[in-house]
Amino acid sequence: MKSSELYKIAEELLPAGVSSPVRAFEPNPIYMKDADGSKLIDIEGKSYIDYCLGFGPLILGHKNPTIMRAVIERLKRGWLYGTPIEEEITLARLIMKHVKSIEMLRYVNTGTEATMSAIRVARGFTSKDKIVKMEGSFHGAHDTVLVKAGSGGATFGVPNSAGIPKESVKNTIQVSFNDLDSLSYVLDKSKDEIAAVILEPVMGNVGVVLPEKDYLREVRALTSENEVLLIFDEIITGFRLSLGGAQEYYDVTPDLTTLGKIVGGGFPIGIFGGRRDIMENISPLGPVYQAGTFSGNPISLTAGIETIKILEEVLDDINKKSDVMNRSLSEIAEDKNYFFSGVASMFQMFFTNKRVNNYNDAMQCDKDEYMKFFRRMLNEGIYLPPSQFETNFISAAHSKEDLEKTVEVYKKCL
Ligand SMILES: *Cc1c(COP(=O)(O)O)cnc(C)c1O
C-alpha cells in the first residue's frame, strides 16, 4: 500500500492519523518502513536524507551498529526487573562526568515527565508555587507548561491547550526570551511566590532561537539574587552543544537540569537532576513524590550509555561538519533574504527577512511558504521536520556527500 492509502485508514482510527501532532502534514505523512545511518526509507522503497532524526534523539543516526549490538545483548538478560540495576550507576556517572551541575539524578521515561518532576521538586524545595517560562518554549505536554508553548502548539496555532483548568496554569508566568527587563520586573514583583525559572538555553521548539550574548549569565544572576531556582531544559541541547550541554557551552550553572532524547540513544527516556540538597527532597528520601514503572529500564539505559561513550569520541567531528553546513546554509539564506539560525548540530531556515530572537519574531514567519518548501525538499529526497517551528539536526552518520547534496537541493527548492 501507499502512504496516502494507509493514512486514509489511520485517520479513521487515530486523531489526524498520528501518534504525535507534528508528524501530520498535508496531503499525507509518509510511512517509513526502515532506516539506516542518515537515511529513512519509506514503504515504497524511496530513501530520504533525514534531518528530523526522530525530533532529536538520533545524534548517531539510525541503526547505529554498536547500540544495536548492545541492546540485543541486553535483551537476552530480560528487559524489566522492577529492581535497581547496575546501569543506573554507570549512566549517572557518565552524565555527571560531563554535566557538572548534576550531583544527583532520577530517571523517568520521557522529557515531559522530566520537566514535570523538576518543576515539582523545585516547588517542594522552595515551598513556592509559581514558575516562569519563556513564551514559545516547549517543556513537554503537561498542564503547567502548556501555555504559549512551542512545537505542535506553535505549528497548529493552539499554544494554549483546551482541557487545562485555569487553576493549573494560574501559577505559570510568561516572559519573552532574550528580554531581561521583563524577567527582572517579574522576579522583582513576585520573587516570594516564584519557585523557578525554566528555559531551553537554546530554544528548539519554535525553530532555533539563540540566546543573546550574556543573556543566560544574566538570567543566572537575576535568579540567584532573587532566590529563585534556575532549571535548564536541556532535552535537546544536552550532549549536543557539547558533552556538558548548553550549560558548558555558555558556561552557566543551573540548579536543576532536564535531559532526554539523546541520553536514551533513541529509546524512551527522561532525566532530571541537579543540586544534591534539592534532589534529596525526592521520595522516599523526602516529601516530593515521583515514581514510574518503566523508569530506569535496562534497554534505554544501555542505549544511553553506549551513545555517550561514542559521543565522547565523535561529538567534535559532528560539530565541525555542522559548522561547515551552517555556513553554507547561512550564505544561501543571505542570498534569498531569509533568516538562518544554527548552533552546533541544530539549525533552522526561517521564512522571514528579520532576525528571530523570540517567540513573537518566530511567529512572523511565512509558515505556509515553509510547508511548500518542505514538500519540494521531500520530493527531492530530503526529510526535514514538517514544521517551521522545529529544529533540523545533523548526525554522526551524515556524510560529506549527504550534506553537500542537501545544500544543492536547498538552493534549488528555496
Ligand atoms: C522534546 C522536548 C521535551 C519533551 O520530551 P518528550 O520525551 O517528548 O516528552 C521537553 N523539552 C524539550 C526542550 C523538548 O525538546
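Accessible areas here come from the Shrake-Rupley method with a 1.4 Å probe, and for residues only the protein chains shown count as cover. On that basis the accessible surface of the chain comes to about 18000 Å², of which 51% belongs to carbon and sulfur atoms. The model is predicted, so local features need pLDDT of at least 70 and side-chain atom pairs count only at pLDDT 80 or more, while totals for chains, interfaces and linings use all residues. Residues are numbered from 1 along each chain as its sequence is written, and side-chain values use heavy atoms, with hydrogens and water left out.

The chain holds 14 helices and 14 strands, these being DSSP runs (H or I of at least four residues for helices, E of at least two for strands) numbered from the N terminus. Because its radius of gyration of 21 Å is close to the 22 Å that the globule rule gives for 414 residues, the chain is as compact as a globular protein of that length; the radius is taken over C-alpha atoms, and the rule is 2.2 Å times the number of residues to the power 0.38. Taken along the principal axes, the C-alpha atoms fill a box of roughly 55 × 55 × 45 Å. Buried residues make up 57% of the 414 residues, where buried means under 20% relative accessible area, exposed means over 50%, and partly exposed lies in between (1.4 Å probe, protein chains only). Of the contacts with a separation of 6 or more, 70% are between residues 24 or more positions apart, a contact being heavy atoms within 4.5 Å.

One part of the fold to follow is an open sheet of four strands, which has the order β1-β2-β3-β13 and mixed pairing. Its edge strands are β1 (32-36) and β13, each of which pairs on one side only; two strands pair if DSSP finds at least two bridges between them. Within this sheet, β2 (residues 39-42) and β3 (residues 47-50) pair in the antiparallel sense over three bridges, and lysine 39 stands opposite isoleucine 49 in β3. The two strands form a hairpin with four residues between them, and glycine 45 in the turn has a positive phi of about 95°. With β13 (residues 382-383), by contrast, β3 pairs in the parallel sense over two bridges, and there isoleucine 49 stands opposite isoleucine 382.

Some backbone details deserve a separate look, since most residues other than glycine have a negative phi, and most peptide bonds are trans. The peptide bond from glutamate 26 to proline 27 is cis, with omega near -5°, and proline 27 lies in the loop between α1 (3-13) and β1. Another cis peptide bond joins serine 283 and proline 284, with omega about 5°, in this case with proline 284 in the loop between α10 (276-279) and α11 (298-336).

Lysine 148, although not a glycine, has a positive phi of about 45°; this lysine is placed in the loop between β5 (130-134) and α5 (152-155) and is partly exposed, with a relative accessible area of 27%. Glutamate 227 likewise has a positive phi, near 55°, and is found in the loop between α8 (215-225) and β8 (229-233), where at 67% relative accessibility it counts as exposed.
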